[in-house]
Amino acid sequence: MEQHQHPWHTWDPQQALQQLGTDGQQGLSAGAAAQRLEEYGPNTLTEGKHKTLFQVFIAQFQDLMVLLLLVAAGVALAAGEGESTLVIFAVVILNAILGTVQHQKAEQSLESLKAMSAPTAKVIRDGTRMVLPSSQVVPGDLVELEAGDLVVADGRVLASYSLQVNESALTGESTAVEKVEAALPQAETPLADRKNMVFSGTLATYGRATVLVTGTGMATELGKIAALMNQTQQRKTPLQQSLDAFSKRLAGMILVVCALVFGLSIYRHKPVLDALMFAVALAVAAIPEALSAIVTIVQALGTQKMARQNAIIKDLKAVETLGAVSIICSDKTGTLTQNRMTPQSLYVGGVLLEAEALDPSDPLQNRLLQAALLASDATTDEADGTPIGDPTEVALVQLGDRLGIDERQYRAQHPRLGELAFDSDRKLMSTLHDLDGVLTLYTKGAIDVLLARSALLMTRDGPVPMTEERRAEIAQVNQALSQKGLRVLAFACRTLSQPDPLTLEDERDFTFLGLISMIDPPRPEAIQAVSDAVRGGIRTIMITGDHKVTASAIAQTLGILRPGDTALDGVELDGMDDAELDRVLDQISVYARVSPEHKIRIVSAWQRKGRIVSMTGDGVNDAPALKAADIGVAMGITGTEVSKDAASMILADDNFATIVKAVVNGRGVYTNLKNAVTFLLSGNMAGILCVLVTALANLPMPFAAVHLLFINLITDSLPAIAIGVEPAGDSLLDQPPRDPKEPILSRPVLLRILGYGLLLAAASMGAYTVGLRAPNGGEGLAMTLAFATLTLARLFHGFNCRSSQPLVRLGLGSNPASLGAFAAGTVLLAAVLLIPGLNGLFQIAPFTPGQLGLAAVLALLPTVVIQLWKLIQRDNNLQK
């Protein structure tokens, strides 16, 4: 059976079901779905061709550094140094292999991140509702769509409850399209007018619907135009771009210096080949060959570590930005709290009672319970009893569970004839039912909205007019419950005369039934996380749709609302212009009763103050705020696919503490990158200084090109990666957020690079001088001792660059990777120095044990000086 290309919009729902062999109630069987998955393949778009391994390998040679090395190989060959030529070619090929492997790993890492943030679909199979990865959806599946869902396949609408879909990704039309069930007779109906169809890659923004999948993968409209939607693109991050730019500038400067050194050598009547070798050695010493690869590897390792800690980074840029975050705007429910609502108390018939005391034989209480169960969508999984749905609605279902009422059976006895889905602007949800021949509209929602729309109040004596006194009494009860940190929902009903399609105009003239309060306790770890954030100079702002009193009570428990801070609600925020908001912004820690539009204002206000803002969100309407924030954070569990698409980070556990951990890890990754860059460039600086000094002093070369390649590509890469995985220490939370405008190569960092480079160069030149003047010495021994000293000094220097703290504070074994890197580098150096076969390749001259011991002592000296300096600095800081 091929994927059907029939005009599905021309058929009525029953015809479409028959055509695809689907039961309208039960959906496909598991066996049929598996067979169709085999037949049609996964519901994914075929991506553009990836580069082959060979193409990636060849691309590694299109680089200035590689071209310079090939020039060096040519010069060495012309000079008759066949062994050096072989080594250089070997290094070039090794570098290409490493680059290819690193590219493949980056691709795999990207694929795994895509998989972690891939959309899901709610599918009915064998009569059971289940959540599946979108790739497993097949033609003939019944999919339930709700506001916030990404449409994962093309489908025919079977039943729509005010479903509206944003199809701008496909049609360019920004206005949401309201979907219908009726067949459209015209076969040539344009795509944008097929109102009984939904299309892959579009977004459900309102209402809900049941849809029959008609096309998947490349057989969808999206597949036909071959547009790749929601793919994480691998782009260079600002940090990589700035380092690439720095490397290019450095290379340009070095080429000029190389030309001058070459000219100076010719002026001094040196042989042309010797002059060329000097110039090439300087170029190789100066260019940080491993820099770009190290930055990518460190960032990839950082994102993998964060993913293990439930923070899925969708964009590498976010890793850099995280370290600079100074404001975290967080939703309350589920992020700062446990998202496990439990019913606490009910207010009905003028009486406040505990939820456990609910008596369904009491007519008033039974009416409130009926409204709670019917005007909600949450259910309990029949197999394992797991609640499915919004936590607030789950609490309402629990009320029925306690009394032995199965919400599925109860709803089947009182079927839903129509509904007006909840949205965050009007803060209401309504459902229509036929109760013993009476058309009844049940509505639940925010107490202030329902009180304003209620004309009557249900009492033991029947409905009575809703007077201002009665409104004030109910508002007072709500205030008392809210002050305890309870969330309060109001319920009302209304009788309708005609079963016409419901409109928003029907939500008026209600009879107020009562209140149900519930609690969502704060997460214990969130209290510590807020405290940690304060320590790190990060301000936490609570944003919630709850009342100001409720939100303030929980914010105080969490440590967010501190003495001197205030809470603001949406109405007060609307009454302020931007200038007024900017004046009081620093005092506001809680925003209550806010709409998603308010979130953008809050983000923009903090950004105007130059702060880097993280904003959490889970709803459809949160997407603009998530895009506007420097770090948009979506909820992995409760978040809609739309919010996940807009975010740069997804919390797999919806936990506030994970955001703080991610910020600390972001600081750690950035600090490690800065330290790794300092390590690489200070080592290069030492090589440059040594070559320059000998060139200006008209002395023989201190290193052969192969020596510098060995140091730069092999012994330097290992400590740099080890620095990149340095554990994020507690001290990171004692530092203020990083200034985002400060470049990674700031003035203090450049001075440190120069200072470290001078120390390493001094040690190497000391060994060079010893070799030059030794009785058995000369040019060969000088070069050998300089090479051994600089290599070992740079391996020791890996410990200096782990942190700004001295080693005595860090502990030598606190980063096992750095010990492993030092050991591996030392073994490689020993092999080059001591194994006869490698001696010739690396131009190693004979030396005595005493000379090698002296080289080791000289190599250790820069690290001793740097560690003493760090200790003195630490003591001075402690005295301050």
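Mentor: Let us begin with the surface. The chain exposes about 36,900 Å², and carbon and sulfur atoms supply 58% of it; accessible areas come from the Shrake-Rupley method with a 1.4 Å probe, and for residues only the protein chains shown count as cover. This is a predicted model, in which local features need pLDDT of at least 70, side-chain atom pairs count only at pLDDT 80 or more, and totals for chains, interfaces and linings use all residues. Residues are numbered from 1 along each chain as its sequence is written, and side-chain values use heavy atoms, with hydrogens and water left out.

Trainee: Why is Ser 326 called buried?

Mentor: Buried means under 20% relative accessible area, exposed means over 50%, and partly exposed lies in between (1.4 Å probe, protein chains only). Ser 326 has 6% relative accessibility, and therefore counts as buried. Of the 880 residues of the chain, 53% count as buried.

Trainee: What is Ser 326 in contact with, leaving aside its neighbours within four places in sequence?

Mentor: Contact means heavy atoms within 4.5 Å. On that basis, the partners of Ser 326 are Gly 537, Ile 538, Arg 539, Arg 611, Ile 612 and Pro 737. Ser 326 itself lies in the loop between α11 (316–322) and β9 (327–331); helices (H or I, at least four residues) and strands (E, at least two) are DSSP runs, numbered from the N terminus.

Trainee: Which strands form the open sheet, and in what order?

Mentor: The order is β8-β26-β25-β24-β9-β21-β23-β22, eight strands with mixed pairing.

Trainee: What makes β8 and β22 edge strands?

Mentor: Two strands pair if DSSP finds at least two bridges between them. β8 (311–313) and β22 (566–569) each have a single partner strand, so one side of each is left without a neighbour in the sheet.

Trainee: How do you know that β9 and β24 pair?

Mentor: β9 and β24 (residues 613–617) share three bridges in the parallel sense, and the definition asks for at least two. Cys 329 stands opposite Met 615 in β24.

Trainee: Why is Ser 162 called buried, whereas Asn 698 is called partly exposed?

Mentor: Ser 162, in strand β4 (residues 154–166), has a relative accessible area of 18% and is therefore buried. Asn 698, in the loop between α25 (656–696) and α26 (705–715), has 42% relative accessibility and so counts as partly exposed. Phi is near 60 degrees in Ser 162, and Phi of Asn 698 is also near 60 degrees.
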